[in-house]
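Here is a note for a colleague who is opening this structure for the first time. Please keep the model in view while reading the points.

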Amino acid sequence: LIKLTGSAKNAINLTLDGREISVDKEGNFSETIALLSGYNIINIKAKDKFGHIDEKNYQIIKSSD
């Protein structure tokens with residue numbers, strides 16, 4: 001498991017791998033996600049009040065222990 005935290009200023013809707021997550025009034029978020037061994041892609045998509053969408057993909061490699 002990893003804890004993913006960040007700030008999405010001006011976002012009214014935020015999704016993590018297609019699942020909506022909560023943001024506070026300042027746009028801060030915190031989620032815990034499970035990684036599989038090997039290659040993982042985490043997708044974060046934010047939408048602002050004007051309908052603009054910003055999307056980021058993060059690539060993480062988890063070694064098998």
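Predicted model: local features only at pLDDT ≥ 70, side-chain atom pairs only at ≥ 80, totals over all residues.

1. The protein chain contains 0 helices and 6 strands, and, when read along the sequence, its elements follow the pattern β-β-β-β-β-β. Taken along the principal axes, the box that the C-alpha atoms of the protein chain fill is roughly 45 × 20 × 15 Å.

2. Of the 65 residues in the protein chain, 28% are buried. As for contacts between residues at least 6 apart in sequence, 45% of them join residues at least 24 apart.

3. The pairing of E5 with E6 deserves a look, as these strands run antiparallel and are joined by 10 bridges. Within this pairing, Ile42 stands opposite Tyr58 in E6. The hairpin of E5 and E6 has 4 residues between the strands, and in this hairpin Gly51 takes a positive phi near 90 degrees.

4. What is the volume of the largest pocket, and which residues lie nearest its centre? The space in the largest pocket is about 260 Å³, and its lining consists of 20 residues, of which Ser7, Ala8, Leu14, Ala46 and Asp54 lie nearest the centre. Two or more lining residues come from each of strand E1 (2-7), strand E2 (11-16), strand E5 (38-48) and strand E6 (53-62). E5 gives the most to this lining, with 5 residues. Sorted by class, the lining of the largest pocket holds 9 nonpolar, 5 polar and 6 charged residues.

5. Ala46, one of the residues nearest the centre of the largest pocket, has its place in strand E5. Is Ala46 buried or exposed? Ala46 counts as buried because its relative accessibility is 17%, which is under the 20% limit used for that label. Leaving aside neighbours within four places in sequence, Ala46 is in contact with Ala11, Asn13, Leu14, His52, Ile53 and Asp54. Two residues in that list, Leu14 and Asp54, are also named among those nearest the centre of the largest pocket. Ala46 and Leu16 are 30 residues apart in sequence, while their C-alpha atoms are 9.1 Å apart in space.

6. Ile41 also lies in strand E5, but Ile41 is partly exposed, with a relative accessible area of 47%. Beyond its neighbours within four places in sequence, Ile41 is in contact with Asp17, Asn57, Tyr58 and Gln59. A separation of 8.7 Å lies between the C-alpha atoms of Ile41 and Ile61, which are 20 residues apart along the chain.

7. In strand E3, where Ile21 is found, the accessibility of this residue is worth checking. Ile21 has a relative accessible area of 7% and is therefore buried. Apart from neighbours within four places in sequence, the contacts of Ile21 are with Leu14, Thr15, Leu16, Phe29 and Glu31. For Glu31, which is 10 residues from Ile21 along the chain, the C-alpha atoms of the two residues are separated by 7.7 Å.

8. Two backbone angles call for a second look, because most residues other than glycine have a negative phi. Asn10 is a residue other than glycine, yet its phi is positive, near 70 degrees. Asn10 lies in the loop between E1 and E2, and its relative accessible area of 67% makes it exposed. Asp17, which is not a glycine either, has a positive phi of about 50 degrees. The place of Asp17 is in the loop between E2 and strand E3 (19-21), and Asp17 is partly exposed, with a relative accessible area of 46%.

Conventions: Residues numbered from 1 in each chain as written. Heavy atoms only, no water. 1 Å grid on protein atoms, 1.4 Å probe; cavity = no way out; pocket = protein on both sides within 12 Å on 5 of 7 lines; lining within 4 Å. Points joined across faces, edges and corners; volume = space filled by probe spheres on them. Nonpolar A, V, L, I, M, F, W, Y, C, P; charged D, E, K, R; others polar. Buried < 20%, exposed > 50% of the residue type's maximum accessible area, 1.4 Å probe, protein only. Contact = heavy atoms within 4.5 Å. Pairing = 2+ DSSP bridges.
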